[in-house]
Amino acid sequence: MRNHDEETLASMLRMLPAPPEAWVQAAQEIPLAQRGLDQIVERARADLAFREALIADLERALEGAGYEPDPALAEAVRVRLSL
Amino acid sequence: MNVIETDAQLVARCRAGDEDAWRELVERFSRYVFAIAVQAYRLSEADAEDVFQEVFARAYENLNKLRDDNAIRPWLAQLTRRLCLDTLRAGAREQAEESPEPAGSDDTIAQLDEAMIVHEALAALPDNCREILDRFFAQDESYRHIGEALDLPPGTIASRISRCLVKLRDELEGRNPASAQSGG
């Protein structure tokens, strides 16, 4: 840290504006989304019909199972189940 | 003064599955990740949002692989840098450009690291100081707006900012870098 005069401190504070609140909230909700992902993967492994529905039309099957249509979730399911 | 949990303590709680700790971790580093994406790599808002979400998604997934819990900040910086470069490379391929790395990105990240130290000191200040300094400098709010939000006469804002900057300087100068590094 160079020096602590007012001008330096002010410029340092200016360098870190907050990102949009919605971005922060979405990142904070990652554990919730992850839990949803784990449930889907578990069910797909236990329920052959559900797995086949996911293979046939992933987004539709997820929506049918009550999940919000979310491209990130769909992609994560694809990766986890190697679809 | 507020007592602030160290990065290592916060990471340990996240690893133990404490979702409040995860929320706190995102809050603590969200400005840093955002600033790297938009200031060091000059990403568009849409690209910056994608990188921002991907950084935290990967961080959540790979937190167990972090070897030194105190190193969460450089780890996030590296992750952000890599994802920003991937984004820029994808754009450069479309435009047949060679090097997507913006000039001075390393210097900008070094400055952001210094800014994070100031921001950490800010977090240790009393709430009234923290809020007024953040609103004025980081959020670029006017005296009038701050006065309305905090129910203060606008004429007193400048002097309060000045007093809070002195407290911030005292907080920074009172910190012992050697003990902070070994604090765990």
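Helices (H or I, at least four residues) and strands (E, at least two) are DSSP runs, numbered from the N terminus. This is a predicted model, in which local features need pLDDT of at least 70, side-chain atom pairs count only at pLDDT 80 or more, and totals for chains, interfaces and linings use all residues. Residues are numbered from 1 along each chain as its sequence is written, while chains are lettered from A and ligands numbered from 1 in the order in which they are written.

Begin with helix H1 of chain B, residues 7-15. Its buried residues (20 or more other C-beta atoms, placed from the backbone, within 10 Å of their own) are Asp7(B), Leu10(B), Val11(B) and Cys14(B). Viewed down the axis of H1(B), these fall within an arc of 100° (taken over the directions from the helix axis to the C-beta atoms), so they line one face of the helix. Select Gly17(B) next: this residue follows H1(B) and has a positive phi, near 90°.

Now display both chains. Their contact (C-beta atoms, placed from the backbone, within 7 Å) takes 21 residues from chain A and 32 residues from chain B. On the chain B side, H2(B) provides the largest share, ten residues.

Finally, select H1(A), residues 6-14, and H6(B), residues 127-138. Their axes (lines fitted to C-alpha atoms over the stretch in contact, with angles from 0 to 180 degrees between N-to-C directions) come within 8 Å and cross at roughly 75°. That makes H1(A) roughly perpendicular (65 to 115 degrees) to H6(B). Here Ala10(A), Leu13(A) and Arg14(A) meet Leu133(B), Phe137(B) and Ala138(B).

Notes: Angles under 35 degrees count as roughly parallel, over 145 as roughly antiparallel, 65 to 115 as roughly perpendicular and the rest as oblique. Two residues are in contact if their C-beta atoms, placed from the backbone, lie within 7 Å. A residue is buried if 20 or more other C-beta atoms lie within 10 Å of its own, exposed if 12 or fewer, and partly exposed in between; C-beta atoms are placed from the backbone.
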